[in-house]
Amino acid sequence: MPSRLSQIHADFDQVCSSDNLDYLEYHYPEIARAFTSAPDSVQKWCDIYKAVKRFVPNSTTSSKEQKKAEKNLAKPQAMSTAGMTQTGDQAPQYLDDKRKQDNWKRMQLRMKGIA
């Protein structure tokens, strides 16, 4: 039976892995119960294959696609993305009244050409 299933669905072993079947059983217990009560046959496993393809996210991720994803994650990222290294930006600093008055006096003196 496994060879026949592999002939029908080339990626049967990757799609119907134990992790994917556990995922289906955990998230969709009513579907898993229906399959466990069915007699063991090629049709049952074809139906399981189709259910896993439909309900389990990334059930068909091949090794080629995984390598491509890892390669993309290894590429340099833009600095504007969240979680990247800080650029040294700081919160604005506010002046108190005394500092404002001192700055005003210094500006007036410079405008008059005294300082």
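Colleague: What makes the pair of Phe12 and Trp45 edge-to-face?

Modeller: Rings of Phe, Tyr and Trp (its six-membered ring) pair if their centres lie within 6.5 Å, and planes under 30 degrees apart count as stacked, over 60 as edge-to-face and the rest as tilted. The centres of Phe12 and Trp45 are 6.3 Å apart and the planes stand at 80 degrees, so this pair is edge-to-face.

Colleague: Why is the pair of Phe12 and Tyr49 called stacked?

Modeller: Here the planes are at 20 degrees and the centres 6.1 Å apart, so the pair is stacked. Phe12 lies in helix α2 and Tyr49 in helix α5, so parts 37 residues apart in sequence are tied together. Helices (H or I, at least four residues) and strands (E, at least two) are DSSP runs, numbered from the N terminus.

Colleague: Why does Tyr49 count as buried, and what is Trp45?

Modeller: Buried means under 20% relative accessible area, exposed over 50%, partly exposed in between (1.4 Å probe, protein chains only). Tyr49 has 7%, so Tyr49 is buried. Trp45 has 23% and is therefore partly exposed.

Colleague: How are the values limited?

Modeller: In this predicted model, local features need pLDDT of at least 70 and side-chain atom pairs count only at pLDDT 80 or more, while totals for chains, interfaces and linings use all residues. Residues are numbered from 1 along each chain as its sequence is written, and side-chain values use heavy atoms, with hydrogens and water left out.
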